[in-house]
Amino acid sequence: MAHRITDACVSCGSCAENCPVDAISQGDTQYVIDPDVCVDCGACAANCPTEAIEAE
């Protein structure tokens with residue numbers, strides 16, 4: 001099960017910097033996680049300053 005980024009995202013980029021498989025990219029209004037690439041490690045959620053990332 002992949003993680004997802006909620007509307008609480010402030011587009012700081014911390015999640016993308018900490019993703020070991022590069023599953024996170026800048027979307028139109030906030031960062032997004034590619035569920036086909038995500039390995040569900042939780043590194044993004046652990047580094048999100050606004051707690052905008054949750055398990056799907």
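These notebook entries record what I looked up in a predicted model.

**Entry 1: the core**

I began with the largest nonpolar core, which has 14 residues. I noted the members that touch the most other members: I5, C15, I24, Y31, I33, C44 and I53.

I then took I53 from that list and looked up its contacts, leaving aside neighbours within four places in sequence. I53 is in contact with H3, R4, I5, C15, I33, C44, A45 and C48.

**Entry 2: the salt bridge**

I next asked how many salt bridges a search of the whole structure finds. The search finds 1. R4 forms a salt bridge with E54, and their closest N and O atoms are 2.8 Å apart. I placed R4 in strand β1, residues 3-5, and E54 in strand β4, residues 53-55, so the pair ties together parts that are 50 residues apart in sequence.

R4 is partly exposed, with a relative accessible area of 34%. E54 is partly exposed as well, with a relative accessible area of 35%.

**Entry 3: the surface patch**

I asked which residues make a nonpolar surface patch of about 200 Å². The patch is made by V21, V37 and V39.

Definitions and conventions:
Residues are numbered from 1 along each chain as its sequence is written. This is a predicted model: local features need pLDDT of at least 70, side-chain atom pairs count only at pLDDT 80 or more; totals for chains, interfaces and linings use all residues. Side-chain values use heavy atoms; hydrogens and water are left out. A nonpolar core is a set of buried Ala, Val, Leu, Ile, Met, Phe, Trp, Tyr and Cys residues joined through side-chain atoms within 4.5 Å. Buried means under 20% relative accessible area, exposed over 50%, partly exposed in between (1.4 Å probe, protein chains only). Contact means heavy atoms within 4.5 Å. Patches are made of residues with over 30% relative accessible area and no salt bridge: like charges are joined within 9 Å, nonpolar side chains (Val, Leu, Ile, Met, Phe, Trp, Tyr) within 5 Å. Accessible areas come from the Shrake-Rupley method with a 1.4 Å probe; for residues, only the protein chains shown count as cover. A salt bridge is a side-chain nitrogen of Lys or Arg within 4 Å of a carboxyl oxygen of Asp or Glu. Helices (H or I, at least four residues) and strands (E, at least two) are DSSP runs, numbered from the N terminus.
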